Amino acid sequence: MMVENSSISPADDQPILEVRELAKHFEIGSGLSFKRKTGVVKAVDGVSFSLRPGETLGLVGESGCGKSTVARTLLRLEETTSGSALFHGEDIFKATPQELKSIRRRLQVIFQDPYASLNPRMTVEEIISEPWVIHPDALPASERPDKVRALLENVGLRREHAERYPHEFSGGQRQRIGIARAIALDPEVLICDEPVSALDVSVQAQVINLLMEIQERLGIAYVFIAHDLSVVRHMSHRVAVMYLGRIVEIGTEEQVYNHPRHPYTKALLSAEAPLDFSKDRKKHQRIILEGEVPSPSNPPSGCRFRSRCWKAQEVCAGEAPPLEYVNNHAVACYFPEDSPAG
Amino acid sequence: MTTAEQEALIIRRKTPWWSLLARDKFALAAALWLTLMFACFLLGPELFGKAATTLNLRARNLPPGSTEHGWLMFLGGDALGRSMLARLVVASRNTLTIALTAVFFAMIAGGFLGMIAGYVGRGIGHVIMRFADVLQSFPSLLLAVVVLYVLEPSVTNLIIVLAITRLPIYLRVTRAEVLEIRERVFVDAANALGGSRYHILRRHITPVVAPTLLTILTVDFSIIMLAESSLSFLGIGIQPPEITWGLMVAQGRNYLSQAWWLAFFPGLAIMLATLSGNILSNWLRVVSDPEQRWRLEKPRTGDE
């Protein structure tokens, strides 16, 4: 379904990362019995997307929809239940330890919490040179001190910060250190797992601008995970919207934000306050969704959004709607909004 | 950069560890005491070996504080009229050899097994933890008696037995800490960079676990010395005329009502050794923690 379609779509380059039907199920056992499974949480259930070189793919969705699980499985910090992720044609999930090490050199990550992601006992210099300690052939030891300082300047810190410890920095500065560590190996793909959601709003903008500047300079492709719609819009070339472990809509930033086709995307976008009230007041209509997000251990059959959707009909409870592409804009819904161009 | 920050940076670069030690009076005293003990350990038996075995029947159970039988009798004489001071100095070698080697091996083996149990896998982890359960459910004294009865009671075997009985504590603490640290985000980051298990254990987990183990080691030190003395009392530990502080405490117990100093001084030696070790390990913990180190680095002004 989705896989064939994405290859039909006018890709200017071969995708650098191609995720197919990624699924991650967590088994919950009861505390007393040893082996009996009492349920399965389907945190991610059939997610497919592709990423082209130098592009930013935004991944939005509310808390608990599986965004971070996608990131953790792509980094092999969690083992997947099924699916594949082709990085330059090589399946990350099937890679041997050596292959994985070489993939990880080109696929890096920025974590959400800058306070937890840096080892408090290491100096900034030790933290940023860790990638080269792990991959000694990447940079000779004699050049490392200079490169650390150059990287610090690249991310907007000062050379003398190299001798300090993480606790001497603010959250935004720590995130910059995390970015310096992530780009130390010149990766091709950077997975940003909510990189700014732990930061103050004023600092968020600085870090986002830094990330965009780095992308412009080094041509790194980003998988940018966030729950903040405006941040994702600002950063991304393409946007994927997730709901309860599945992608419901994927398209260019312009398509998704201006002409949302999935009811959930519409509702999500309507929840965001318009910046210009005078112009949009009449047009802007908030869609209030009823009920709660269903539990991922017991999701509704068929379309997972049907329990809260105002368009839901019987067909939605049957087979789950596939992601169908029109003009490179995919939506998983039986009753999508009309596409303006198609 | 503000001047205060600059100052902090200069202080970190220029303050060597011995200068930090000199600023902390308790840590300095502890370090000096441990140095003195180490000197006794190195030279004691050579310098005082003869004095420790010379009987002076007129000085039997001599109370401490008098020098009428020579300065060696300053801390009193034991039940056979031997100099307490000389015996304490001479005993330091056996005591420290046994206690230090035993806690050291217990820490290394326990820490190593604990890291495997906590980091490598659930299967082998379970095996190791059941092994620790078995060791702990056995009364350690019984275990020691059985082992030493089967083997020859010698210093080496004594060390092995003591190390094995103390091992589960290190094992459990290490495993618990590793289980906590391995879930931290910076470990995930090292993993995502392609770091091997060995790399993560060495660079991220050991530096956090080590200070905790060192603190347990200093407390364990006194427990081992007393355990060794009860083994000696049962006749399967160190045998007279060899002496240890623990054995001296055990021997002095018979005379507690008439000559308290026979048990008091070796007990004091054990206590001071433990206390010094504890203070020093605590100081080391602060020095090695970047978030705490400034407490020692801060220039002392005004309030002194």
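**Reading helix packing, a sheet and a buried loop residue**

User: At what angle do helix 8 and helix 9 of chain B pack, and how far apart are their axes?

Analyst: Two packed helices are described by the angle between their axes and the distance between the axes. In this predicted model, helix 8 (residues 185-192) of chain B packs against helix 9 (residues 197-233) of chain B at about 145°, and the axes are 10 Å apart. The crossing of these two helices is right-handed.

User: Which residues of helix 8 of chain B meet helix 9 of chain B?

Analyst: From helix 8 come B:Phe186, B:Val187, B:Ala190 and B:Asn191; from helix 9 come B:His199, B:Ile200 and B:His204. Of the residues in this contact, 4 are nonpolar, 3 are polar and none is charged.

User: In what order do the 8 strands of the open sheet in chain A run?

Analyst: Strands of a sheet pair through backbone hydrogen bonds, either parallel or antiparallel. Here the order is 6-7-8-3-9-10-12-11, with mixed pairing. Strand 6 (107-110) and strand 11 (324-326) of chain A are the edges, each pairing on one side only. Neighbouring strands are turned by 20° against each other on average, direction ignored. Strand 6 pairs with strand 7 (residues 189-193) of chain A in the parallel sense over 4 bridges; in strand 7, A:Cys192 is the bridge partner of A:Ile110.

User: Is A:Glu55 buried or exposed?

Analyst: The cut-off for buried is 20 or more other C-beta atoms within 10 Å. A:Glu55 has 22, so A:Glu55 is buried. A:Glu55 lies in the loop between strand 2 (37-51) and strand 3 (56-60) of chain A. Leaving aside residues up to four places away in sequence, A:Glu55 touches A:Ala221, A:His237 and A:Arg238. The C-alpha atoms of A:Glu55 and A:Val223 are separated by 8.4 Å, though 168 residues apart along the chain.

Terms used: Residues numbered from 1 in each chain as written. Chains lettered and ligands numbered in written order. Predicted model: local features only at pLDDT ≥ 70, side-chain atom pairs only at ≥ 80, totals over all residues. Pairing = 2+ DSSP bridges. Axes fitted to C-alpha atoms, helices over the stretch in contact; angles between N-to-C directions. Buried ≥ 20, exposed ≤ 12 C-beta atoms within 10 Å, placed from the backbone. Contact = placed C-beta atoms within 7 Å. Left-handed = near helix turned anticlockwise from the far one by under 90°. Nonpolar A, V, L, I, M, F, W, Y, C, P; charged D, E, K, R; others polar.
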